[in-house]
Amino acid sequence: MFKKIAKGLSNLGSNKADAPFDERTMQVVDGQKIGESKDGHLYMGFNEISGYLFLETLLASSISVKTYDGATLDFKSANGNFSLISDTKELASEFSKQVNRHMTECTFDITEEQIKRIQKRDFETVTYRFKKKAILMEMVKSKVSPKAEISVEED
(Lines give C-alpha, C1' and ligand atoms only; values in the text may rest on other atoms or scores of the structure.)
Protein backbone atom coordinates (compact mmCIF):
# COMPACT_ATOMS: atom_id res chain seq x y z
CA MET A 1 0.00 0.00 0.00
CA PHE A 2 2.51 2.60 1.09
CA LYS A 3 5.03 2.02 -1.68
CA LYS A 4 7.31 4.87 -0.67
CA ILE A 5 6.41 5.79 2.85
CA ALA A 6 9.09 8.34 3.42
CA LYS A 7 12.05 9.38 1.38
CA GLY A 8 15.09 8.08 3.19
CA LEU A 9 13.46 5.48 5.41
CA SER A 10 16.60 3.50 4.73
CA ASN A 11 18.40 6.09 6.85
CA LEU A 12 17.08 4.47 10.02
CA GLY A 13 19.20 4.90 13.10
CA SER A 14 19.21 7.72 15.63
CA ASN A 15 15.96 7.84 17.56
CA LYS A 16 15.84 11.50 18.61
CA ALA A 17 12.38 12.70 17.64
CA ASP A 18 12.68 16.06 19.37
CA ALA A 19 13.62 17.92 16.18
CA PRO A 20 10.75 19.61 14.30
CA PHE A 21 8.70 17.44 11.97
CA ASP A 22 9.29 18.37 8.34
CA GLU A 23 6.43 16.88 6.35
CA ARG A 24 7.89 18.22 3.09
CA THR A 25 10.53 15.46 3.23
CA MET A 26 7.87 12.73 3.19
CA GLN A 27 6.50 11.21 0.02
CA VAL A 28 3.40 9.21 0.84
CA VAL A 29 2.36 7.64 -2.45
CA ASP A 30 -0.90 5.79 -1.74
CA GLY A 31 -2.23 7.57 1.29
CA GLN A 32 -4.04 10.63 2.58
CA LYS A 33 -3.44 12.53 5.81
CA ILE A 34 -6.48 12.36 8.07
CA GLY A 35 -5.15 13.49 11.46
CA GLU A 36 -2.45 15.73 12.89
CA SER A 37 -1.18 17.11 16.17
CA LYS A 38 2.15 18.10 17.70
CA ASP A 39 2.72 14.43 18.63
CA GLY A 40 1.68 12.69 15.43
CA HIS A 41 0.48 12.71 11.84
CA LEU A 42 -1.82 9.91 10.62
CA TYR A 43 -1.98 8.81 6.97
CA MET A 44 -4.40 6.20 5.66
CA GLY A 45 -5.67 4.29 2.67
CA PHE A 46 -8.39 1.70 2.14
CA ASN A 47 -7.85 -1.78 0.78
CA GLU A 48 -10.09 -4.73 -0.07
CA ILE A 49 -8.73 -8.27 -0.10
CA SER A 50 -11.03 -11.22 -0.85
CA GLY A 51 -14.07 -9.24 0.20
CA TYR A 52 -12.56 -8.04 3.51
CA LEU A 53 -12.12 -4.29 4.01
CA PHE A 54 -9.06 -2.82 5.69
CA LEU A 55 -7.82 0.62 6.69
CA GLU A 56 -4.06 0.78 6.27
CA THR A 57 -2.38 3.45 8.35
CA LEU A 58 0.99 5.09 8.75
CA LEU A 59 1.65 7.02 11.96
CA ALA A 60 4.54 9.50 11.92
CA SER A 61 5.07 10.33 15.58
CA SER A 62 7.50 11.60 18.17
CA ILE A 63 6.43 8.58 20.25
CA SER A 64 7.84 5.13 19.51
CA VAL A 65 5.24 2.36 19.31
CA LYS A 66 6.11 -1.16 20.42
CA THR A 67 3.37 -3.57 21.43
CA TYR A 68 2.11 -7.11 20.90
CA ASP A 69 -1.49 -6.11 21.74
CA GLY A 70 -2.31 -4.03 18.67
CA ALA A 71 -3.88 -0.59 18.60
CA THR A 72 -7.25 1.11 18.29
CA LEU A 73 -8.38 4.19 16.42
CA ASP A 74 -11.13 6.15 18.16
CA PHE A 75 -13.06 8.60 15.98
CA LYS A 76 -15.07 11.30 17.83
CA SER A 77 -17.99 12.90 16.03
CA ALA A 78 -21.14 14.88 16.76
CA ASN A 79 -22.93 12.17 14.72
CA GLY A 80 -21.68 9.38 16.97
CA ASN A 81 -18.28 7.97 17.85
CA PHE A 82 -16.77 4.82 16.39
CA SER A 83 -13.64 2.76 16.98
CA LEU A 84 -11.51 0.49 14.83
CA ILE A 85 -9.48 -2.42 16.21
CA SER A 86 -6.20 -3.29 14.56
CA ASP A 87 -5.85 -6.45 12.54
CA THR A 88 -2.11 -6.18 13.16
CA LYS A 89 -1.23 -7.13 16.76
CA GLU A 90 2.56 -6.78 16.72
CA LEU A 91 3.58 -3.16 16.14
CA ALA A 92 7.07 -1.70 16.17
CA SER A 93 8.08 1.74 14.98
CA GLU A 94 11.12 2.42 12.86
CA PHE A 95 12.84 5.76 13.27
CA SER A 96 13.39 7.86 10.15
CA LYS A 97 16.18 10.42 10.30
CA GLN A 98 14.78 12.03 7.17
CA VAL A 99 11.55 13.14 8.85
CA ASN A 100 12.73 12.96 12.48
CA ARG A 101 9.83 10.76 13.50
CA HIS A 102 9.00 7.18 14.41
CA MET A 103 7.10 5.54 11.54
CA THR A 104 4.49 2.89 12.45
CA GLU A 105 2.38 0.94 9.98
CA CYS A 106 -0.82 -0.77 11.12
CA THR A 107 -3.89 -2.33 9.48
CA PHE A 108 -7.41 -2.03 10.92
CA ASP A 109 -10.62 -3.93 10.17
CA ILE A 110 -13.28 -1.55 8.84
CA THR A 111 -16.87 -1.62 7.59
CA GLU A 112 -18.40 0.07 4.52
CA GLU A 113 -20.29 2.51 6.78
CA GLN A 114 -17.08 3.50 8.57
CA ILE A 115 -15.30 4.00 5.23
CA LYS A 116 -18.05 6.37 4.12
CA ARG A 117 -17.78 8.37 7.35
CA ILE A 118 -14.02 8.72 6.98
CA GLN A 119 -14.35 9.69 3.31
CA LYS A 120 -16.90 12.37 4.28
CA ARG A 121 -14.64 13.51 7.17
CA ASP A 122 -17.46 12.82 9.62
CA PHE A 123 -15.29 13.17 12.72
CA GLU A 124 -13.55 15.94 14.64
CA THR A 125 -10.71 14.01 16.27
CA VAL A 126 -9.01 10.65 15.92
CA THR A 127 -7.07 9.03 18.76
CA TYR A 128 -4.41 6.37 18.12
CA ARG A 129 -4.27 4.14 21.23
CA PHE A 130 -1.70 1.47 22.08
CA LYS A 131 -0.67 0.03 25.42
CA LYS A 132 -1.54 2.77 27.92
CA LYS A 133 -0.66 5.61 25.54
CA ALA A 134 -2.82 7.76 23.30
CA ILE A 135 -2.06 10.24 20.54
CA LEU A 136 -4.94 12.66 20.01
CA MET A 137 -5.10 14.26 16.54
CA GLU A 138 -7.41 16.79 14.94
CA MET A 139 -9.08 15.93 11.63
CA VAL A 140 -7.34 17.26 8.53
CA LYS A 141 -10.02 19.07 6.55
CA SER A 142 -8.92 18.23 3.00
CA LYS A 143 -11.02 15.73 1.06
CA VAL A 144 -9.96 12.12 0.79
CA SER A 145 -8.25 11.74 -2.56
CA PRO A 146 -9.33 9.08 -5.09
CA LYS A 147 -6.05 7.23 -4.40
CA ALA A 148 -7.22 6.67 -0.82
CA GLU A 149 -10.74 5.62 -1.76
CA ILE A 150 -12.25 2.31 -2.63
CA SER A 151 -15.64 2.08 -4.24
CA VAL A 152 -18.41 1.25 -1.83
CA GLU A 153 -21.83 0.72 -3.35
CA GLU A 154 -24.75 2.67 -1.93
CA ASP A 155 -27.71 0.62 -0.71
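Where does Ser77 lie?

1. Ser77 lies in the loop between strand 5 and strand 6; helices (H or I, at least four residues) and strands (E, at least two) are DSSP runs, numbered from the N terminus. Bear in mind that this is a predicted model, where local features need pLDDT of at least 70, side-chain atom pairs count only at pLDDT 80 or more, and totals for chains, interfaces and linings use all residues. Residues are numbered from 1 along each chain as its sequence is written, and side-chain values use heavy atoms, with hydrogens and water left out.

2. Is Ser77 buried or exposed? Ser77 counts as buried because its relative accessible area is 10%, and buried means under 20%, exposed over 50%, partly exposed in between (1.4 Å probe, protein chains only). Leaving aside neighbours within four places in sequence, Ser77 is in contact (heavy atoms within 4.5 Å) with Arg117, Asp122, Phe123 and Glu124. The Ser77 side chain also makes a polar contact with the side chain of Arg117, at 3.3 Å. A polar contact here is a pair of N or O atoms within 3.5 Å; within protein, one must be able to donate a hydrogen and the other to accept it, and residues adjacent in sequence count only if both atoms are side-chain atoms.

3. Just after the helix, Arg121 takes a positive phi of about 60 degrees.

4. Which residues touch the most other members of the largest nonpolar core? Of its 26 residues, they are Leu55, Leu73, Phe75, Leu84, Ile118 and Tyr128. Such a core is a set of buried Ala, Val, Leu, Ile, Met, Phe, Trp, Tyr and Cys residues joined through side-chain atoms within 4.5 Å. Apart from it lies another core, of five residues, including Tyr43 and Met103.
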